[in-house]
Amino acid sequence: MTMLTPRTPTKLAPPGNGRRERKAAELESRTRLAGERLAGFGARPCALVLQELSATRSGLTHAEAALRLERHGANVVAHERAPRWWAQLAKAFWNPFIAVLVFLAAVMWWQDPADPGVVILSVMVAVSGLLRFWQEYRSGRAADALKRLVTTTCAVQRRAGGGSGPATFEVPMDQVVPGDVVKLAAGDLIPADLRLITSKDLMVGQAALSGESLPVAKADAPARTAGGTPGADDLGRFEGTDPVEADNLVLMGTSVTSGTATGVVVATGSDTYFGSMAGSLVGERPQTNFDNGVRKVSFLLIRFMLVMVPVVFAVNGLTKGDWDEAFLFAVAVAVGLTPEMLPMVVSANLARGAVAMSKRKVVVKRLNAIQNLGAMDVLCTDKTGTLTEDRIALDRYLDVHGDEDGEVLEYAYLNSHFQTGLKNLMDQAVIDRVDEAEEVVVDARFSMVDEIPFDFARRRMSVVLDRNAVVGGPGRPEHIMITKGAVEEVLDLCTHMTDRGRKVELTDGLRRHVTRIAEDNNRRGLRVLAVATRTVSTPRDTYSVADEDRLTLVGFLAFLDPPKADAARALQALADKGVAVKVVTGDNDLVAARVCADVGLDVGHVVLGTGIDALDDTALRALAARTTVFAKVNPVQKARIVRALQADGHTVGFLGDGINDAAALRDADVGISVDTAVDIAKESADIILLEKDLTVLEQGVIQGRTTFGNTIKYIKMTASSNFGNVFSVLVASAFIPFQPMLAIMLLVQNLVYDIAQLATPWDRMDEEYLRGPRNWDAKGVGRFMVCIGPISSIFDITMFVIMWNVFGANSEAEQSLFQSGWFIEGLLSQTLIVHMIRTRKIPFIQSRASWPVMVMTVLAVLTGLYLPFSPLAAPLGFTALPAGYFPWLVGVLLAYCTLTQLLKTLYIRTFGTWL
């Protein structure tokens, strides 16, 4: 299998700003304090915890619960609230370029309220802002609709008061209070942080908090001493510091996968472990790659305008002596130099990308995320449900030598099938592995006698079966006990083992051998259970734990969360697109390494979260650049990894669905979550996948690069063309005794060109362009303007010479002819050059624009040729051109396109880039 390795760009970005660092420190502090407080509840006996909470096992009275609700507040965590529609509308117009357009429109209105340019600029500003507002507002409502699908009640035991007995009520989760006794069953969400009082076969899915793919056992069972026996002075004390690892604590945001329990609420709302993370994740979001890129490019273009416009004003005023006319012309040049369609083209590009993504079941909450997805060169992702199927599967069933053995599967199936308690995920995985036909045969051969249920202290369960009488079967009745459970606990009870059909004594040497088989599978990232049997030759009706003795080891079962069938292909597709995938998980390193190797990632050295805390930011940057898999990482460490990658020049995406992913989702350039994620993860994300599928992300990357390509295409060809035009105006103003083009002509030329560019979002990008990440480069835009823009000036000046000498347009009386000739040449060259700039290939031959772009090009050319001959010619100051003008026009345009293609090739060889 092809191994994928991460890419490391050489360009470095500035380190994270102080606000982000303060937020990270706040998150770490709040989480640590909440964890220490909860660990204290786990360390104390349950009776003492109830006493501290002024609660009883029977629950609170309704009156007490109401008082506590008033005192502690609703059981809700801090979360990001969607801005009101008017605030969202105002933010849609907050853009430096929109500010420039508004300023220009105001100046034009002050000069002439009837100027059509005022209406044109106002429409561009309005369409741009409204388009962005509507798309983000609609996506926000779709995300809110996903949140409303979540169940919001839980079973709470309360009393009416006055000595009445306890009863169970369905209470809204936001009304749960400290001291409430909550009843849990399979499928329930944990409504708050609970200290367990009682439990039976309780398994809890903690992936949202810890990243562990497999459910973990939770219990109120007595703590074990070093010898493995229950302690006498406690009911389930926890001596650690991480509340997630406490056996007797279940935390808000996790869920019950099997079993039942009751627990007392020890923390609600912002005081919970979940709430401690959420409280630091609201407020202003950090600047992303898109935000920084647009700001730099916008201010670059504004600087060009601030330099060129005063120069044009001064040259015109000094040479012509008419300062009022010079001011009007300078304003027209400012409009001509400004890519006034930029906000609208960017918004249209992003909106079109969001619509395309919605067809692939993706909700884009923030439009800017589309471009960030295209710029992404590192994707950090959790393992569970992304690379894996988010389910437990039986991977192998092995004999004592590590070879597959169907007899082991048969015994395991009998144990899982006949138990009467609630089957956990591993029992179901065993049952799913057996064919229906085999089930019928097995059921016919055995019948249930008794069972010894699973409990947390023993970590095993047994069933006792009767071999049904069959023709040729044994003449005397006998029962068979089948025990399945944790390897250590089952091995302690075994005196023999089955070795290729023979029952042999389990000597110390063989015990070490079978232990090594189990450990080898553990090191491969598998969860291993042991299966053992005992034949009872003197049957009876009931059996007890004491009968789990003198067992014969049959073999082992190995479980895992299996990799998705298409995960390897999706990762390879992302690698082909220049996106390195790094797995950042809270699960253990063995499981993470196994899954990553199975899907083709070059695992290398797995870095644990404990190793990250000792590193400063510089050391972490170096480590993150060369590491593919991070395991056992907490929320703070995940966010630090994201920031370290960003500081090293990467545009980072983060895919996660858990509470522990929220901080990293906010810090990433593009945060990606799923519709089944916890609310805080969906609120922190920019994009929500309705299906947790990496292949959808690949399509998103392509869409993002297409969006960015069409945006930068417009910027470069418009800015360079406008720069060339202004340069031409400077030359003409210095040597020609009249205005080379009237202000109204400049505005009309700009309007026709801009309308033609409305098709840009629907253009296609060359396949080669889509293969690598694409990023904003303000210096590259400036270099492109300076290098490519003056090419048009060469041919503008050529047309000046032709109009002056060939057609005699060399006096103020003939200035209209001169201006008309330059108008057509300028508009047609601007329009045709779009096809030269949109691709690094030879246009029309090696790369053709999309049909909308072709149609708009033809319409713009026809409009430019028609205007000097139309009824609008006189009001606009045009004069009909002689027929002899057009051969010269064709020659100039052909020479322009040829030179541009040649210089394009030279530019690419020199700078290694084009768009």
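1. R500 sits in the loop that links β15 (494–499) to β16 (502–505). In this predicted model, R500 has a positive phi of about 50° although it is not a glycine. Most residues other than glycine have a negative phi. R500 counts as exposed because its relative accessibility is 63%, and the cut-off for that class is over 50%.

2. S54 also calls for a backbone check. Its phi is positive, about 55°, and S54 is not a glycine. The residue lies in the loop between α2 (46–52) and β1 (60–61). With a relative accessibility of 52%, S54 counts as exposed.

3. Which residues make the nonpolar surface patch of about 370 Å²? The patch is made by I842, F844, I845 and M854. I842 belongs to the loop between α28 (815–837) and α29 (851–866). Its relative accessibility is 35%, so I842 counts as partly exposed; that class runs between 20% and 50%.

4. On helix packing: two packed helices are described by the angle between their axes and the distance between the axes. For helix α27 (residues 778–806) and helix α31 (residues 885–911), the axes come within 11 Å and cross at roughly 160°. Angles over 145 degrees count as roughly antiparallel, and α27 and α31 are therefore roughly antiparallel to each other. The crossing of α27 past α31 is right-handed.

Key
Residues numbered from 1 in each chain as written. Predicted model: local features only at pLDDT ≥ 70, side-chain atom pairs only at ≥ 80, totals over all residues. Heavy atoms only, no water. Patch = residues over 30% accessible without salt bridge, like charges linked within 9 Å, V, L, I, M, F, W, Y side chains within 5 Å. Areas by Shrake-Rupley, 256 points an atom, 1.4 Å probe, with all protein chains shown as cover. Salt bridge = Lys/Arg side-chain N within 4 Å of Asp/Glu carboxyl O. Helix = DSSP H or I, 4+ residues; strand = E, 2+ residues; numbered from the N terminus. Buried < 20%, exposed > 50% of the residue type's maximum accessible area, 1.4 Å probe, protein only. Axes fitted to C-alpha atoms, helices over the stretch in contact; angles between N-to-C directions. Parallel < 35°, antiparallel > 145°, perpendicular 65-115°, else oblique. Left-handed = near helix turned anticlockwise from the far one by under 90°.
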